[in-house]
Amino acid sequence: MKDFHKKMKSIMVMLSLLMTSSLIGMLFKSLNWSDTNIILIYILAVLMTSRLTQGYVYGIVSSIIATFMFNYFFTAPIYTLSVYDSKYFVTFVVMTITAIIMSASTTRIQKSTEIANENADHMKTLYTLTNRLSDTLDDQSLCQVVIEIFSHVFHCQVGCVCFRENIEQSIVMYGENHHIQQLKIDNIRAYQGCFQNMEKSYVSLNHQYHYPLYGIHKILGVLILPQENIDQLDENQKRLLTSMNENVSLALDHIYAIKEQLRFKEATVKERYRSNLLRAISHDLRTPLSGIMGTSEMIMDMNKDNHETSELAHGIYDEANWLYLLVENILSLTKVQEGQLVIHKQVEAIEEIIGSAIYHVTKNKMNHQIQVDVPEDVLMVPMDAQLIQQVLINIFNNAIKHTPENQPICIHAYQKQQYAYLEIEDYGKGFGTQNPDQIFEMFYTNNTALSDGSKGIGLGLTICKAIIEAHGGTITAKNCHLHSGAKFIIQLPMEE
């Protein structure tokens, strides 16, 4: 219906200009002016027709009609389409060709101007949208800006959905009759699933086009536009819609990135406070624990004949030693998390490191036998001796806690190609059906199987993994094949 009115308006403009030109031509005729002036008036009418109407058709038709009107009203015999003077045929042809060429040129210029104006309007729209979106700080204000601008540009009702991490709290806003209201989608998860395996750039639902707004990794939201309005857009307007959608996607992704940065910053600050607190507490505990352990050892030595007193002192030593190891693990953990775990490698004899670790864990635990198997040639490995000793102490302590007193703990050292290997086996219950990799996770404890000690908090093996990986090696755990128990395999590079 709208196109019909445009056509009728163009026809009326064309006929009005031609009739006005004829009246002016009759005035010139009454003044005995030459026919050239009348022809110029008709050509002017053709140019005006091309300027005030859309398309080539009206200008060309106007050119042909102008030629017949000049023949009818101003060429003898008048009021007929006959021509007595053959020279007028040349005039008619030249007039028609000139009018057509000028009409086509005017129409082409008019279209170029319209396209340029339309592109300028589109650029202005994109600039306004980008400028408004850059000022939004949250997804709700973004939805309001999107609804306001899109409804103004495309003259239709607009909806906007922003998905949040908690999908049930996602925002759904809709602009209707110049009012923005919040709606609710009954099953937001099912709605989100509609955008999987899309064949087009939109999903058609309930006579509406739903355009997904993509972020870097996922769909961040959806833009909802009426199908009837979008189908009436030309290609240039559809390109504008695509560009506007991309701008909204970038703005929404920027908002979510800022939120993620704020959450990460808050978590980092909390982690720093926690690490500083743990470090301060651990440092304050080390000195009194060392004193308690030293005093309890003296009491044990002084009361070897008094079994009851020696047993009490031994219990004090064990508990203090457990706390001391826990404090050391906490300090090591804070260094690992803050990237302050510094490796000072020197070439060390592996059997010396093993011997030092065994002495440390068995000097007050003589009920367990640790069997050592090392190569005849001294195995020299570049390592930080203190840190590797800490790794072995943690693993030995776990093995002692889970191995019956009448069963041995075995450690086997050997070289294979460019790596040195340490294998520690115990005769405990092993891992059963659980995944052995879990024991290296922070704060993982499971007293029914091997973990970071029966009274531990799940830090020792996490630190072991960090130390070994800092050396460029690997540590793995698995069940023993020949007997029940757990087996740790440490791999260290032979070259720095």
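The structure, a predicted model, contains zero disulfides.

**Sheets**

Strands of a sheet pair through backbone hydrogen bonds, in either a parallel or an antiparallel arrangement. Within it, strand 5 and strand 6 run antiparallel and are joined by seven bridges; H210 stands opposite I224 of strand 6.

Another open sheet has five strands, ordered 8-10-11-13-12, with mixed pairing. Its edge strands are strand 8 (370-373) and strand 12 (474-479), each of which pairs on one side only. The twist from one strand to the next averages 15°. Strand 10 and strand 11 pair in the antiparallel sense, and Y414 has Y421 in strand 11 as its bridge partner. Helix 10 (residues 350-362) packs on this sheet and touches strand 8, strand 10 and strand 11. The direction of helix 10 makes about 180° with that of strand 8.

| Strand | Partner strand | Bridges | Facing residues |
|---|---|---|---|
| Strand 5 (residues 208-214) | Strand 6 (residues 219-226) | seven bridges | H210 and I224 |
| Strand 10 (residues 409-416) | Strand 11 (residues 419-425) | seven bridges | Y414 and Y421 |

In soluble globular proteins, nonpolar side chains tend to be buried together. The largest nonpolar core of this model comprises 45 residues, and L392, I395, F396 and I490 have the most contacts inside it. Helix 11 (residues 385-402) gives the most to this core, supplying ten residues.

Which residues does I490 touch, leaving aside those up to four places away in sequence? The contacts of I490 are V391, L392, I395, A420, Y421, L422, I424, I468, T474 and I475. Among them, Y421 is also the bridge partner of Y414, while L392 and I395 are, like I490, among the residues with the most contacts inside the largest core.

A second, separate core holds 33 residues, including I147, V158, C162 and L240.

Key
Residues are numbered from 1 along each chain as its sequence is written. This is a predicted model: local features need pLDDT of at least 70, side-chain atom pairs count only at pLDDT 80 or more; totals for chains, interfaces and linings use all residues. Side-chain values use heavy atoms; hydrogens and water are left out. Two strands pair if DSSP finds at least two bridges between them. Helices (H or I, at least four residues) and strands (E, at least two) are DSSP runs, numbered from the N terminus. A disulfide is a pair of cysteine sulfur atoms within 2.5 Å. Axes are lines fitted to C-alpha atoms, for helices over the stretch in contact, and angles run from 0 to 180 degrees between N-to-C directions. Contact means heavy atoms within 4.5 Å. A nonpolar core is a set of buried Ala, Val, Leu, Ile, Met, Phe, Trp, Tyr and Cys residues joined through side-chain atoms within 4.5 Å. Buried means under 20% relative accessible area, exposed over 50%, partly exposed in between (1.4 Å probe, protein chains only).
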